[in-house]
Amino acid sequence: CLDIGIWHRRKIFSGGITVKAGIRRPTAWAIVFLMAISCVFFGFQTIVRADSGTDGDFAWEDVEGGVAVTGYTGAGGVVDIPGTLAGKTVVTIGSGAFADKTAVTGISMPDTVTSIEYGAFMGCTGLETVTLSNNLQTIAGDTFINCGALDNVTIPNSVLQIDYGTFKNCISLSDITLSNQLESLGESAFEGCTSLQSITLPDSLGVQEDNIGPHLFSGCTSL
């Protein structure tokens, strides 16, 4: 132990050239310690990573407060999303969960759902009716984009935000009732809704430009 901190040298012969190499023992112990900590940390990350699986026609993944629906493999028609999957509460409809499921004609959502993530129902060209959760708070961008058969929607009063392009190119959408607590409407939220004839914006949106995105009703030729 008396030689801690002293350089240890060894000769490396390669082509007649002598090279001095060494490392201080405290430095070596520091490297070993950091490697051990890294192994523990990354091992822990592996243990706590989000769980996922399938339950019937639905794929799910753990999220804060419950699970998100991340996929659907059923035959279509009217789909009743369950309030629990694998014994866990469904709180979110995940990004692209039903994207391009053209055989789906209706969606009924449990009141446990509080958010819909990006593009959850994009391209569901056969989707005609949607019943949203009464506890829904946010509807992310492009959620129902290009759902050409969707003709009417009621946004529950729990919803505070509708993001960009949510109903863009829903060409059959003629009637929509907005939340009376709505605080923001994103860019192009109703762009290209050519059948939309009237809409009432709630007072909760206020008069600030930041609350209402540009091109909100661009291409709404029936308004």
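Strands here are DSSP runs of E, at least two residues long, and helices are runs of H or I of at least four; both are numbered from the N terminus.

**Figure 1. Overview of the predicted chain.** The model is predicted. The protein chain has one helix and 16 strands. Of its 223 residues, 35% count as buried. The accessible surface comes to about 12300 Å², and 54% of that belongs to carbon and sulfur atoms. Among contacts with a separation of 6 or more, 32% link residues 24 or more positions apart.

**Figure 2. Confidence along the chain.** Mean pLDDT is 85 for the protein chain, and 77% of the residues reach 70 or more. Residues 1-21 stay under 50. The model still has 26 contacts beyond four places in sequence for residues 1-21. Residues 40-49 also stay under 50 in pLDDT. For residues 40-49 the model has zero contacts beyond four places in sequence. Where pLDDT is low, the predicted coordinates should not be read in detail.

Figure 3. Strand E3 covers residues 52-55, and strand E4 covers residues 58-63. The two run antiparallel and are joined by four bridges. Thr 54 has Ala 59 of E4 as its bridge partner. Two residues lie between the strands. Gly 56 in this hairpin takes a positive phi near 65°.

**Figure 4. From E4 into E5.** E4 pairs with E5 over six bridges, in the antiparallel sense. Asp 62 is bridged to Val 67 in E5. This pair is also a hairpin with two residues between the strands. Gly 65 sits in the turn and has a positive phi of about 90°.

Figure 5. Is E5 largely enclosed or left open by the rest of the structure? Six of its seven residues are buried, so E5 is largely enclosed. E5 spans 66-72, and E8 spans 88-93. E5 and E8 run parallel, with three bridges between them. In E8, Thr 92 is the bridge partner of Ala 68.

**Figure 6. The open sheet E6-E9-E11.** Three strands line up in that order, with parallel pairing. Strand E6 (77-80) and strand E11 (129-131) are the edges. Each has a single partner strand, so one side of each is left without a neighbour in the sheet. The twist averages 20° from one strand to the next. Four bridges join E6 to E9, residues 104-108. One of the bridge pairs is Gly 77 with Val 104 of E9.

**Figure 7. The largest nonpolar core.** This core holds 47 residues. Which members touch the most others? They are Ile 93, Phe 98, Phe 121, Phe 167 and Phe 190. The elements E4, E5, E8 and E9 each give two or more residues to the core. The largest share, three residues, comes from E5. In soluble globular proteins, nonpolar side chains tend to be buried together.

**Figure 8. Surroundings of Phe 98.** Neighbours within four places in sequence are left aside here. Phe 98 is in contact with the aromatic residues Phe 58, Tyr 72 and Phe 121, among others. Its contacts also include Val 69, Val 79, Ile 81, Ile 93 and Ile 107. Ala 120, Met 122 and Cys 124 are in contact with Phe 98 as well.

**Figure 9. Thr 166, buried in a loop.** Thr 166 lies in the loop between strand E14 (161-162) and strand E15 (175-177). Its relative accessibility is 0%, so Thr 166 counts as buried. Residues up to four places away in sequence are not counted in what follows.

Figure 10. Most residues other than glycine have a negative phi. Asn 146 is not a glycine, yet has a positive phi of about 65°. Where is Asn 146 placed? It is in the loop between strand E12 (138-139) and strand E13 (152-154). With 37% relative accessibility, Asn 146 counts as partly exposed. His 215, also not a glycine, has a positive phi of about 60°. His 215 belongs to the segment after strand E16 (184-185). At 49% relative accessibility, His 215 is partly exposed; the exposed class begins over 50%.

Terms used. Residues numbered from 1 in each chain as written. Predicted model: local features only at pLDDT ≥ 70, side-chain atom pairs only at ≥ 80, totals over all residues. Heavy atoms only, no water. Pairing = 2+ DSSP bridges. Axes fitted to C-alpha atoms, helices over the stretch in contact; angles between N-to-C directions. Core = buried A, V, L, I, M, F, W, Y, C linked by side-chain atoms within 4.5 Å. Buried < 20%, exposed > 50% of the residue type's maximum accessible area, 1.4 Å probe, protein only. Contact = heavy atoms within 4.5 Å. Areas by Shrake-Rupley, 256 points an atom, 1.4 Å probe, with all protein chains shown as cover. pLDDT = per-residue confidence, 0-100.
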